[in-house]
Amino acid sequence: MRCDVVVVGAGPGGSMAAKTAAEKGLKVVLVEKRQEIGDPVRCAEGVSKARLSSMIKPDPKWIASEVKGARLYAPDGSNVVMSEDKSGDEVGYVLERKIFDRALAMDAARAGARVMVKTRALDLLRANGSVKGIRAMRYGEIIDIEADVVIGADGVESKVGRWAGIDTALKPGDIEVCAQFLLYDKGIDDEYCEFFLGNELAPGGYVWSFPKGEHLANVGLGVIGSRSEPGAPVKLLRRFVERRMPEARIVEMVVGGVPVSGPIERTIADGVMLVGDAARQSDPITGGGILNAMQAGMIAGEVVADAVSSGDTGVEGLMAYEKRWRESIGKQIARHLDLKEFFIRLSDDDLNKLMHSIQSEDVSKMDLRGMLRVLIRLNPKMLWELRHLVM
Ligand SMILES: Cc1cc2nc3c(=O)[nH]c(=O)nc-3n(C[C@H](O)[C@H](O)[C@H](O)COP(=O)(O)OP(=O)(O)OC[C@H]3O[C@@H](n4cnc5c(N)ncnc54)[C@H](O)[C@@H]3O)c2cc1C
């Protein structure tokens with residue numbers, strides 16, 4: 001089989017890359033190892049309404065709920081409320097990713113991409129040292145898919161980067177190890193996402209509750225890998241749920257990892273591009289990666305179309321991808337990495353102090369940067385080293 005570009009992985013990043021490249025007239029193959037795109041879900045499914053809407057038209061079929069904002073809790077229970085349009089990438093819509101991921105792949109198919117499920121990429125094909133596509137396993141048979149460019153959108157456990165010689169290795173401190181329940185509890189606030197901070201609750205991470213309507217919610221937590229033991233996230237989550245919502249009915253459980261390493265050194269090689277979690281493009285503070293993956297996928301699709309039509313699919317021809325994603329989402333990722341590195345060092349007392357200091361301020365209409373500016377003004381000694389982030 002021969003095409004211009006083969007995309008490995010039909011998550012949000014891969015499907016957007018495939019759709020964009022197909023719309024630009026390229027012959028695209030999108031391979032997905034699972035037999036059902038989007039299932040099982042390893043995600044809390046929260047995204048910013050405005051940013052999602054800037055990329056695709058929201059469809060009620062894949063929106064589980066719309067929230068008014070987010071409530072942020074310090075370890076001692078003190079809290080602030082942030083409104084939906086300002087609370088960052090996690091809040092606005094809570095998606096139904098089983099339907100959402102499938103809809104994005106269908107959009108790619110409608111744009112002309114060939115979608116192949118139950119097809120696992122096994123390795124890169126090479127000829128005279130250059131990448132020439134992938135070898136894959138499809139329904140138990142080995143097949144070769146020849147292509148000028150391979151886009152690796154194969155998620156947090158990505159192998160495409162490694163096969164291409166790109167260093168995507170993550171240290172334990174570069175991963176949030178997560179556990180999540182989909183649960184029903186009468187006490188779930190259907191109008192607000194909730195975030196709970198605290199080293200006892202989730203060392204180096206946080207607990208979230210993202211409502212999906214009618215008192216159903218994704219309740220989960222992430223623990224920084226360097227401070228986690230095997231099984232710890234599930235134990236901590238069970239403790240949280242037993243204490244705060246003892247009547248909860250758990251109907252689903254997922255575990256998974258989110259890269260919070262910040263940008264890797266390079267995301268392209270000759271004939272290869274990495275997108276989304278494979279490129280470690282998720283947000284180091286929130287762990288949110290859906291929208292960054294989609295945006296990077298769109299950029300990758302545009303750049304690969306230019307590269308194929310110019311006949312230069314080497315590093316030079318793909319360099320515009322590297323530049324464009326770093327100029328856009330890369331800047332925020334880098335800023336949030338600095339913030340994460342600082343905040344995971346804070347004690348629960350520090351977190352309480354910070355929360356108390358902003359409770360008398362109206363932060364409801366502020367974005368994360370505005371809130372940080374106020375926090376630095378009120379706690380100059382503790383937060384002085386973060387001042388460059390708000391200048
Ligand atoms: C518990 C948890 C909660 C999260 N909550 C949120 C949230 O609320 N908001 C948010 O924005 N982000 C969240 N994230 C992160 C988000 O899920 C990811 O950042 C996002 O899915 C990345 O998209 P992607 O397209 O890069 O990769 P993925 O969605 O991981 O897709 C990769 C695809 O590649 C396929 N694949 C892998 N290897 C191969 C292969 N060899 N051959 C073929 N196919 C392959 C996989 O099956 C998969 O379908 C969460 C993550 C976790 C673990």
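Predicted model: local features only at pLDDT ≥ 70, side-chain atom pairs only at ≥ 80, totals over all residues.
Residues are numbered from 1 along each chain as its sequence is written, and side-chain values use heavy atoms, with hydrogens and water left out. The ligand is surrounded by 35 residues, where a residue is near a molecule if one of its heavy atoms lies within 4 Å of it.

**Ligand shell**

- The closest residues to the ligand are Gly13, Glu32, Ala44, Gly46 and Asp277.
- Of the 1000 Å² of accessible area that the ligand has on its own, the protein covers 91%, with areas taken from the Shrake-Rupley method with a 1.4 Å probe and, for residues, only the protein chains shown counting as cover.
- Two or more residues of the shell come from each of helix H1 (12–23), strand S9 (119–127), strand S15 (206–213), strand S17 (249–259) and helix H6 (290–310); helices (H or I, at least four residues) and strands (E, at least two) are DSSP runs, numbered from the N terminus.
- By class, the shell holds 13 nonpolar, 12 polar and 10 charged residues, where Ala, Val, Leu, Ile, Met, Phe, Trp, Tyr, Cys and Pro count as nonpolar, Asp, Glu, Lys and Arg as charged, and the others, Gly among them, as polar.
- Domain 1 (2–52 + 96–168 + 264–335) and domain 2 (60–94 + 172–259) each give at least three residues to the shell, the bounds coming from an automatic or database domain assignment.

**Sheets and strand pairing**

- An open sheet of 3 strands has the order S3-S7-S4 with antiparallel pairing, and two strands pair if DSSP finds at least two bridges between them.
- Strand S3 (46–48) and strand S4 (63–66) each have a single partner strand, so one side of each is left without a neighbour in the sheet.
- S3 and strand S7 (residues 92–95) pair over 3 bridges in the antiparallel sense, and the bridge partner of Gly46 in S7 is Val94.
- A second open sheet has 7 strands in the order S6-S5-S14-S15-S16-S13-S17, with mixed pairing.
- At the edges of this sheet stand strand S6 (79–83) and S17, each with a single partner strand, so one side of each is left without a neighbour.
- Within the sheet, S15 and strand S16 (residues 216–224) run antiparallel and are joined by 7 bridges, with Leu216 in S16 as the bridge partner of Gly213.
- Strand S10 (residues 130–138) and strand S11 (residues 141–146) run antiparallel and are joined by 6 bridges, and Met137 stands opposite Ile142 in S11.

**Backbone geometry**

- S10 and S11 form a hairpin with 2 residues between them, and Tyr139 in the turn has a positive phi of about 45°.
- Asn128, in the loop between S9 and S10, has a positive phi of about 50° although it is not a glycine.
- A cis peptide bond with omega of about 0° joins Asp39 and Pro40, and Pro40 is found in the loop between strand S2 (28–31) and S3.
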